[in-house]
Amino acid sequence: MGFISLVENHLAALFVLPMLQGRGHGKQLLQHAQSIRNELSLCVYSRNTRALTFYRRSGFREQHERRDCHTGEFERLMIWIREPEHILPE
């Protein structure tokens with residue numbers, strides 16, 4: 001199916017097999033991450049419009065764009081913050 005990798009509050013990776021994309025698996029993985037953190041950050045390539053749309057629909061907001069020093073690709077830093085009334089205790 002797929003997997004998600006969290007490094008503290010940074011979503012380092014979220015992958016779903018191409019043949020299973022568009023069926024809600026990525027959404028379930030992301031919702032799980034959101035259920036156990038008060039905030040998350042991630043970077044996504046600017047040209048990956050499908051991923052940008054997915055993360056925006058999941059409540060992420062773009063912070064800024066920068067060039068990835070390893071690939072030369074432009075990427076966007078995105079942040080999700082839980083609503084104050086739903087903050088999890090630390």
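Tutor: Let's start with a word we will need: a contact means heavy atoms within 4.5 Å. The model is predicted, with local features needing pLDDT of at least 70 and side-chain atom pairs counting only at pLDDT 80 or more, while totals for chains, interfaces and linings use all residues. Residues are numbered from 1 along each chain as its sequence is written, and side-chain values use heavy atoms, with hydrogens and water left out.

Our part is Asn 38, in the loop between H1 and E3. Helices (H or I, at least four residues) and strands (E, at least two) are DSSP runs, numbered from the N terminus. Asn 38 counts as buried because its relative accessible area is 18%; the cut-offs are under 20% for buried, over 50% for exposed and partly exposed in between, with a 1.4 Å probe and protein chains only.

What does Asn 38 touch? Neighbours within four places in sequence aside, Asn 38 is in contact with Trp 80, Ile 81, Arg 82, His 86, Ile 87 and Leu 88.

Now look to either side of the loop. Helix H1 covers residues 25-36, and its buried residues include Leu 30, Ala 33 and Gln 34. The buried residues of H1 pack against several elements, among them strand E3 (39-45) and strand E5 (74-81).

E3 and E5 also meet each other, pairing in the antiparallel sense over seven bridges; strands pair if DSSP finds at least two bridges between them. Glu 39 has Ile 81 as its bridge partner in E5, and Ile 81 is one of the contacts of Asn 38.

E5 has another partner as well: strand E4 (residues 61-67) pairs with E5 in the antiparallel sense over six bridges. There, Arg 61 is bridged to Ile 79 in E5. E4 and E5 form a hairpin with six residues between them, and Gly 72 in the turn has a positive phi of about 80°.

Notes. Expected span 1.5 Å × (residues − 1).
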